[in-house]
Amino acid sequence: MLPVVEARSAYQPRMPETLEALGVPPSLVVDLVLRRLYVTGLSNFQSLSDALKLSPRVIEQVFRQLRQEQLIEVRGMTGNDYNFALSQAGRQRARQCFEVTHYAGAAPVSLKDYHKAVKLQAARVRINRKTLRDALSDLVVTDRLLDQLGPAIISQNTIFIYGPTGNGKSSLAERLLRVYQDAILVPYAVEVDSQFIMVYDPVVHERIEVEEPDWDPRWVLCRRPSVIVGGELVPTMLDLRLDEATSIYAAPIQMKANNGVLVIDDFGRQAMSPQELLNRWMVPLDRRVDYLALRYGVKFQIPCEMMVVFATNLNPSCLADEAFLRRIQNKILVEPVDPEGFDEILRRVAAARNIPMEPDSAAYLRELCLRDGRTELRACYPNDICNILVSISRYENVPPRMTKANLERAAALYFARS
């Protein structure tokens, strides 16, 4: 479970009340209003303000300009609000705007303001062994591992988690987000050279609903994000992605992960080689900036203010050279579990699945796991074996029980014979 966060951000932009105060080209905002009217037809100040995340005063300013140019027509009033739509000339102008881009959503923020926001919202973590253990309370973690993780998290530098498969590296990496107890502001979109880059992603960013009428509504209050990618990671995910049909850019994963955590799981098993991936990350990890390019060659800099976590079961020396490993100051080995840790994991899993245990079940399962030349106990064994016990009970149509016979049967299914 994620911790309760303080619903405030270190960056608190005020709502701009004029076109010029938005920080983006005024003509871009005017074109945005035209596209929105083209999509919706009849509209008014309030509906445009809600859809485009602009103050009613800014909408009124654009309205007056469009009315003066005879691009809109007033169709009546609702209370004190005008109802209006595009004129014939306005529709023609809006169609021209659509040829450039179909974007008709929340107004973007400037790249300069985005840089400022990310830097101001850089994480400052305060933890100790107790608070870290509380954050990872659903895992069985040794004091030794906690005392390695703690300083690494506080540094907010890159972490390299490695060790044999099945001992909880991915589980640890996925839970690191729990150490953050504050919120950040994420822009709906960022403007670069009059192009729209979508940043806020409801799949990645967990929105926090809060009433702050003075905030700039172009920003969304969210928990710090966690982006997790594994073997599916390809080079294009690290670059801007242009939708050719709409001419709208989607931000790359590192831009969506800003002010949070980016986990590269199963490192070394991506379609791109480890060397290619590490070379791509050399500048972001060193300087906390990255460089992206629009489709027509315009390059620009974005901040990379996040904690990057590599998790792998491969030998680090086989994945990266000494020069790159030197840049990753936090290298944490997740070792196989000891008998006490193994037994505790088994007790927790059995309790969660309502599987009664015989007194010597843990010791007997350890014995089974170390047969046939296996020399290590792994953290994944209790959960996987209990899953099989549940499946056996459903097959037999009886309540699950952890007996020696059932453990033998489950282990025979689970472990491959050499």
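Predicted model: local features only at pLDDT ≥ 70, side-chain atom pairs only at ≥ 80, totals over all residues.
User: Leaving aside neighbours within four places in sequence, which residues is leucine 54 in contact with?

Analyst: Leu54 is among the core residues that touch the most other members. With neighbours within four places in sequence left aside, the contacts of leucine 54 are Leu22, Val29, Ser49, Ile59, Ala107, Pro217 and Arg218.

User: How are H1 and helix H3 oriented to each other, roughly parallel or roughly perpendicular?

Analyst: The axes of H1 and H3 (residues 56-68) come within 10 Å and cross at roughly 80°. Angles of 65 to 115 degrees count as roughly perpendicular, so H1 to H3 is roughly perpendicular.

User: Which residues of H1 and H3 make that contact?

Analyst: From H3, the contact uses Val62, Gln65 and Leu66. Leu66 is also one of the core residues touching the most other members. On the H1 side, the residues are Val29, Val30, Val33 and Leu34.

User: Where do the buried residues of H14 lie around the helix?

Analyst: Helix H14 (residues 361-369) has Ser361, Ala362, Tyr364, Leu365, Leu368 and Cys369 buried. Seen down the axis of H14, these residues fall within an arc of 165°, so they line one face of the helix.

User: What covers the buried residues of H14?

Analyst: Those buried residues include Tyr364 and Leu365. Their cover includes helix H13 (339-352), helix H15 (380-396) and helix H16 (404-414).

User: Which strands stand at the edges of the five-strand open sheet?

Analyst: The strand order is S10-S13-S16-S5-S17, with parallel pairing. Each edge strand has a single partner strand, so one side of each is left without a neighbour in the sheet; these are S10 (226-229) and S17 (330-333).

User: Over how many bridges do strands S13 and S16 pair?

Analyst: S13 covers residues 261-264 and S16 covers residues 307-312. Valine 263 stands opposite valine 309 in S16. The two strands pair in the parallel sense, and the number of bridges is four.

User: At about what angle does helix H10 run to S16?

Analyst: H10 (residues 274-287) packs on the sheet and touches S13 and S16. The direction of H10 makes an angle with that of S16 of about 155°.

User: Which strands does helix H7 lie across?

Analyst: H7 spans residues 143-155 and runs at about 155° to S17. The strands that H7 lies across are S5 (159-162), S16 and S17.

Notes:
Residues numbered from 1 in each chain as written. Heavy atoms only, no water. Core = buried A, V, L, I, M, F, W, Y, C linked by side-chain atoms within 4.5 Å. Buried < 20%, exposed > 50% of the residue type's maximum accessible area, 1.4 Å probe, protein only. Contact = heavy atoms within 4.5 Å. Arc of directions from axis to C-beta. Pairing = 2+ DSSP bridges. Axes fitted to C-alpha atoms, helices over the stretch in contact; angles between N-to-C directions. Parallel < 35°, antiparallel > 145°, perpendicular 65-115°, else oblique.
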